[in-house]
Amino acid sequence: MTLLHVLDFQLQSQARRTGRTGFTLHVLHIELPHDGDRKMVVKLYEDIKARYPGHSYSSIRLFDDLNQPSNGTTTKMSNGPDIQEEATSNGGHKSYAKLLSSLPSVTSRTDVLHILRMRRTVDFACSNNCEGILWGDSTTRLAEKVLAETAKGRGFSLPWQIADGDSPFGVPFYYPMRDLLKKELVSYTSMITPPVDVLVALDSTTNVAAPVASKDGSIDFLMKQYFESVEEQYPSIVANVVRTTGKLEMKDFSSGRQCALCNMLLANNPTFVNGNSGHDSVTDGPTLELCYGCATAVPPESRHLIPPGLK
């Protein structure tokens, strides 16, 4: 939300000074299956469109089939550009719901949900000829991602998950808010005139003190709790985690083989076929290959549920 406000302000400033803008925005909202009160989410989305009407907006559901043409319809806002509302594919919903319900832990389900959200965003950006994807991750969020992805065996993906530049998916990733802490962004939303804090859906679950050993807590949730507490007293630690990780270079995976779930390019190294490295490949039959992180998240008995569109 803060990122949208800043970019909207920049575009308006460019238009006033030069009569034109240097770029256009296509704002994407992905409805997750656990979004809670859908009416509240829809109202929040509509309020955001009304506050920033000069951009294109699309609202899609996470469980729409990936890599499939959209069967949605387009409507027109009276004071803005076309708004695309994509219909939900019942087949895709059932396939992904069955996959998620088969996963053995909260960490696995959270991990797969994040992967599908990223894949959905990338596919949407590519199909709409976007020149790049702007993620609104703060320094705090990026630090959470560093430790969480490393713990889940996907540390090899950190160079493109936390730094600006090319990604393995054919569209660049950018993180304009990467130098700002979450608490700074939250404070900024209330300082704007008029304030936009009412348009921000804060995650209240991080205020709940869940025990570290709780079976209901995912790795992502624990990292979120940890860094949001650390940034209060030691913000430099949070920033150092991101800056240090930003020095990593992306490995050149030239084999062309991709993970069937996260779509990350796989290393072509025969010494890693047994799953002992974070950038190996785990083979499950002749057509399905998973990186180490995805192979850990999706056990062998659940891999046949990965929808065909992802294989």
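**View 1. Asp197, a partly exposed residue in a loop.** In this predicted model, Asp197 has a relative accessible area of 36% and is therefore partly exposed, a class that lies between buried (under 20% relative accessible area) and exposed (over 50%), as computed with a 1.4 Å probe on protein chains only. Asp197 belongs to the loop between helix 7 and helix 8, where helices are DSSP runs of H or I with at least four residues, strands are DSSP runs of E with at least two, and numbering starts from the N terminus. Leaving aside neighbours within four places in sequence, Asp197 is in contact with Thr189 and Ser190, contact meaning heavy atoms within 4.5 Å. The C-alpha atoms of Asp197 and Val186 are 7.5 Å apart in space, although eleven residues separate the two in sequence. Residue numbers run from 1 along each chain as its sequence is written, and side-chain values rest on heavy atoms, with hydrogens and water left out. As the model is predicted, local features need pLDDT of at least 70 and side-chain atom pairs count only at pLDDT 80 or more, while totals for chains, interfaces and linings use all residues.

**View 2. The protein as a whole.** The protein contains ten helices and eight strands, and buried residues make up 44% of its 311 residues. Of the contacts between residues at least 6 apart in sequence, 66% join residues at least 24 apart.

**View 3. Helix 1 and the elements it packs against.** Helix 1, which covers residues 2–18, has 17 residues and reaches 24 Å from its first C-alpha to its last, close to the 24 Å expected at 1.5 Å a residue; the expected span is 1.5 Å times one less than the number of residues. The buried residues of helix 1 are Thr2, Leu3, Leu4, His5, Leu7, Asp8, Leu11, Ser13 and Gln14. These buried residues pack against strand 1 (26–31), helix 2 (38–51), strand 2 (56–61), strand 5 (133–134) and helix 7 (182–191). Helix 1 is followed by Gly19, which has a positive phi, near 80°.

**View 4. The crossing of helix 5 and helix 9.** Helix 5 (residues 139–151) and helix 9 (residues 235–245) pack at an angle of about 65°, their axes being 8 Å apart; each axis is a line fitted to C-alpha atoms, for helices over the stretch in contact, and angles run from 0 to 180 degrees between N-to-C directions. Helix 5 contributes Thr139, Thr140, Leu142, Ala143 and Val146 to the contact, and helix 9 contributes Val238, Ala239, Val241, Val242 and Thr245. Seven of the residues in this contact are nonpolar, three are polar and none is charged, where Ala, Val, Leu, Ile, Met, Phe, Trp, Tyr, Cys and Pro count as nonpolar, Asp, Glu, Lys and Arg as charged, and the others, Gly among them, as polar.

View 5. Glu46 is partly exposed at 36% relative accessibility, whereas Lys49 is buried at 4%. In helix 5, Arg141 and Glu144 are likewise three residues apart, about one helical turn, and their closest N and O atoms are 3.6 Å apart in a salt bridge. Arg141 is partly exposed at 25% relative accessibility, while Glu144 is buried with a relative accessible area of 3%. In helix 8 (residues 219–233), Glu228 and Lys224 lie four residues apart, about one turn of the helix, and form a salt bridge at 3.9 Å, N to O; both residues are buried.

**View 6. A network of salt bridges.** Salt bridges link Asp111, Glu149, Lys152, Arg154 and Asp220 in a network.

View 7. Lys43 of helix 2 is exposed, with a relative accessible area of 53%, and its C-alpha atom is separated by 9.7 Å from that of Leu199, 156 residues apart along the chain. Asn129, in the loop between helix 4 (106–127) and strand 5, is exposed with a relative accessible area of 68%. Most residues other than glycine have a negative phi. The phi of Asn129, however, is positive, near 55°.

Conventions:
A salt bridge is a side-chain nitrogen of Lys or Arg within 4 Å of a carboxyl oxygen of Asp or Glu.
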